Amino acid sequence: MRLRNIAGSREVIGESDFVVHEPEKQKGNWRKIFGNNNPIHIEIGMGKGRFLMDMARMHPFINYIGIEKYSSVLLRAIQKMEKEESPLPNVRFIRMDAESIEAVFSEGEVGRIYLNFSDPWPKDRHAKRRLPSREFLARYDKILEKAGWLEFKTDNADLFHFALGELEPAGWKALGVSYDLHRDEKMGKDNVMTEYEERFSALGNPIYKYVIARDDTAALEPEGQ
Ligand code: SAM
């Protein structure tokens with residue numbers, strides 16, 4: 001998603017208390033920002049932030065950080081937050097390219113990673129830019145706590161098959177895979193829809209999802225949130 005450049009979006013972001021500016025300075029200290037010791041879950045490529053904010057309302061004892069590359073998109077998330085009756089205390093946003101995620105979180109600082117409807121980058125030569133690629137999995141490996149896991153949803157069959165093929169070479173394993181999430185009793189339970197998910201499932205597209213952990217992680221039961 002890339003919206004037209006919106007005049008003034010950088011200024012609004014620069015002044016917003018919901019955005020963490022200079023996020024590298026918080027590396028290793030994210031819990032201080034929230035003023036508690038609750039786990040930190042992040043969504044990379046959060047778009048306008050609907051999923052993240054719905055999750056935050058449902059799970060007040062988890063801290064959520066939404067990462068978005070484009071100012072014009074992040075602006076929409078800020079505007080959505082401003083419309084809340086009272087701002088969600090367990091949500092912060094970062095504007096950055098996730099390529100440098102290791103500069104922002106220390107080893108094991110993140111409890112869970114969400115990738116929702118990530119850009120497909122269909123050309124082979126751009127495979128490294130895909131958020132579920134082995135290059136990105138190596139970055140997530142550094143910041144995700146040992147017992148943590150990553151959840152990925154998409155309606156793009158090619159991207160999903162690519163993502164599944166990246167697991168073994170990157171040293172990850174699937175804890176759960178669904179090829180039709182909305183008709184999957186187990187994996188679809190308590191599903192929280194994203195903006196793209198609502199749009200594409202309304203067109204009749206099946207939604208694919210996997211939940212993955214590192215190969216050497218002891219058996220995990222990713223039930224509930
Ligand atoms: N997750 C939302 C949803 O499901 O409705 C938005 C999906 S949209 C297709 C993908 C979003 O990921 C876009 O807003 C895009 O700017 C962002 N994005 C793509 N690559 C990124 C990267 N390397 N770092 C941060 N954000 C990224």
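Modeller: One may begin with a single residue and ask what it touches. This is a predicted model. In it, Thr194 touches Arg50, Phe51, Asn116, Phe117 and Lys153, leaving aside residues up to four places away in sequence.

Biologist: Where in the chain is the place of Thr194?

Modeller: Thr194 sits in the loop that joins strand S6 (172-178) to helix H7 (195-202).

Biologist: Is Thr194 buried or exposed?

Modeller: The reading rests on a cut-off: a residue is called buried if its relative accessible area is under 20%. Thr194 has a relative accessible area of 5%, so it is buried.

Biologist: Which polar atoms lie beside the side chain of Thr194?

Modeller: For such a contact one looks for N or O atoms within 3.5 Å of each other. A polar atom of the Thr194 side chain lies 3.3 Å from the backbone nitrogen of Tyr196. A polar side-chain atom of Thr194 also lies 2.8 Å from an oxygen atom of the ligand.

Biologist: Which backbone atoms lie beside the ligand?

Modeller: Asn116 has a backbone N or O atom 3.0 Å from a nitrogen atom of the ligand. For Glu195, a backbone N or O atom lies 3.4 Å from an oxygen atom of the ligand.

Biologist: How much of the accessible area of the ligand does the protein cover?

Modeller: On its own the ligand has 590 Å² of accessible area, and the protein covers 97% of that.

Biologist: How many residues surround the ligand, and which are the closest?

Modeller: The ligand is surrounded by 19 residues, and the closest are Gly45, Glu68, Asp97, Ala98 and Thr194. Sorted by class, this shell holds 9 nonpolar, 4 polar and 6 charged residues.

Biologist: Let us turn to the whole protein. How many helices and strands does it have?

Modeller: The protein has 7 helices and 7 strands. Read from the N terminus, the elements follow the order α-α-β-α-β-α-β-β-α-β-α-β-α-β.

Biologist: Why may the protein be called as compact as a globular protein of its length?

Modeller: One compares the radius of gyration with a rule for globules. The protein has a radius of gyration of 17 Å, close to the 17 Å that the globule rule gives for 225 residues, so it is as compact as a globular protein of that length. The C-alpha trace spans about 40 × 40 × 35 Å along its principal axes.

Biologist: What share of the residues is buried?

Modeller: Of the 225 residues in the protein, 47% are buried. As for contacts with a separation of 6 or more, 77% join residues 24 or more positions apart.

Technical notes:
Residues numbered from 1 in each chain as written. Predicted model: local features only at pLDDT ≥ 70, side-chain atom pairs only at ≥ 80, totals over all residues. Heavy atoms only, no water. Near = heavy atom within 4 Å. Polar contact = N/O pair within 3.5 Å; in protein donor to acceptor, adjacent residues only side chain to side chain. Areas by Shrake-Rupley, 256 points an atom, 1.4 Å probe, with all protein chains shown as cover. Nonpolar A, V, L, I, M, F, W, Y, C, P; charged D, E, K, R; others polar. Helix = DSSP H or I, 4+ residues; strand = E, 2+ residues; numbered from the N terminus. Rg over C-alpha atoms; globule rule 2.2 N^0.38 Å. Buried < 20%, exposed > 50% of the residue type's maximum accessible area, 1.4 Å probe, protein only. Contact = heavy atoms within 4.5 Å.
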